[in-house]
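Dear colleague,

I am passing on the model we spoke about, and my notes on it come below the structure. Please read them with the coordinates open beside you.

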Amino acid sequence: MGSEPTLPIPISYISGSYLIFSIDAVTYLRREHHICGVLVGTLPQIPQQNVFLSLPLELMPEEARLLVEKGVACIVDEAKAHKDGMASLMEEDRKRYLQDLEAQGLQAMRLQNSRREQKREEVLKTLDEKKAAKAKKAAPKDTAEDDTKEVPGLELFAGDQKPEASKPSSRAPPVSSEVAMGVTPATSYPPLPAQPSSQQLLPLPKVQSSYPLFAHLHSQGYFLSPGLRFGCQYMAYPGDPLRFHSHFLVVSAEWDEPIDLMNIIVGGRLGTGVKKGFLIGGAEKEAEESEAKGNDSVRTFSVEWAGM
């Protein structure tokens, strides 16, 4: 298990997207706050990652806003943070950081060379063993004994030559000059500060009118994910999506918004066809009495097609 991240967790705002680059933050938010997001990172030369993607984790604006309102995260203007950080970076710190990267590259190169040499020695040893076994099998045993008797001192001569032939120094590769392997840091810390300054923070993310419904379902313990593949706004899971199937196809509506009956029928048939309920809901009109009592202002309705 990774270490607990420092709160508030910085959410990087880059080109209209809300991204998290720390694996500790990703696991913490999923475990403690039911925030899954969508992994979007990949490498162009590894097509298998189209199925299992990697960091960064992209959040919906609703997820980012919910975390900020709960005090768990903050929105950071990543471009401004990098610009300010590089401007305040002293030349000595920069040189020290580059030297540290070079040291890591040298260590990685030495490790790679050591593994390559070890593999080479194993291959040569295997070849020698095969060659010796082949020679022993090809030479008749009686002939070898007769030759030993006829030539005095042959055994001593062979014994003297055997260690000489098996000396590993005869196979030693030429010494090559060390070249540091290039290291690409996965994060900007160090040298940039881990926590952003107040000037780099952004206000609450702008969200759709469906946000009250999203926050309501999240408060009831549901895990929510984008519902594009099922033709809805959200998918509601009773637990972690890695362990549970979703229970509801979620669509929001304004309190006074006219709803086409065909849309309800289509949603109900679709949900029932994929073994899910079709949930429609939205926030009530603000009322002084409701606010005074502290009642939840979101109403939800579940539709199922009983004839299927």
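Predicted model: local features only at pLDDT ≥ 70, side-chain atom pairs only at ≥ 80, totals over all residues.

Residues are numbered from 1 along each chain as its sequence is written, and side-chain values use heavy atoms, with hydrogens and water left out.

The protein chain holds 9 helices and 10 strands, which are DSSP runs (H or I of at least four residues for helices, E of at least two for strands) numbered from the N terminus. Of its 308 residues, 25% are buried, where buried means under 20% relative accessible area with a 1.4 Å probe, protein chains only.

The second largest pocket has a volume of about 590 Å³. It is lined by 18 residues, of which Arg30, Gly37, Val38, Leu39 and Leu242 are the closest to its centre. A pocket here is an open set of points on a 1 Å grid over the protein atoms alone, where a 1.4 Å probe fits, with protein on both sides within 12 Å along at least five of seven lines, and lining residues have an atom within 4 Å of a point. The volume is the space filled by probe spheres set on the points, which are joined across faces, edges and corners. At least two lining residues come from each of α1 (23–33), β3 (38–41), β6 (223–226) and β7 (234–237), and α1 gives the largest share, 3 residues. Because domain 1 (1–89 + 192–206) and domain 3 (208–307) both contribute to the lining, this pocket lies between them; the domain bounds come from an automatic or database assignment.

In α1, the residues Ala25, Val26, Tyr28, Leu29 and His33 are buried. They lie on the same side of α1, because they cover an arc of only 170° around the axis, taken from the directions from the helix axis to the C-beta atoms. The buried residues of α1 pack against β1 (9–14), β2 (17–20), β4 (54–59), α2 (61–69) and α7 (211–219).

Lys276 sits in the loop between α8 (261–273) and β9 (277–283), and it counts as buried because its relative accessibility is 12%. Leaving aside residues up to four places away in sequence, Lys276 touches Phe230, Met235, Ser246, His247, Phe248, Leu249 and Gly271, a contact being heavy atoms within 4.5 Å. The C-alpha atoms of Lys276 and Ser246 are 7.0 Å apart, although 30 residues separate them along the chain.

With best regards

Notes: Buried < 20%, exposed > 50% of the residue type's maximum accessible area, 1.4 Å probe, protein only.
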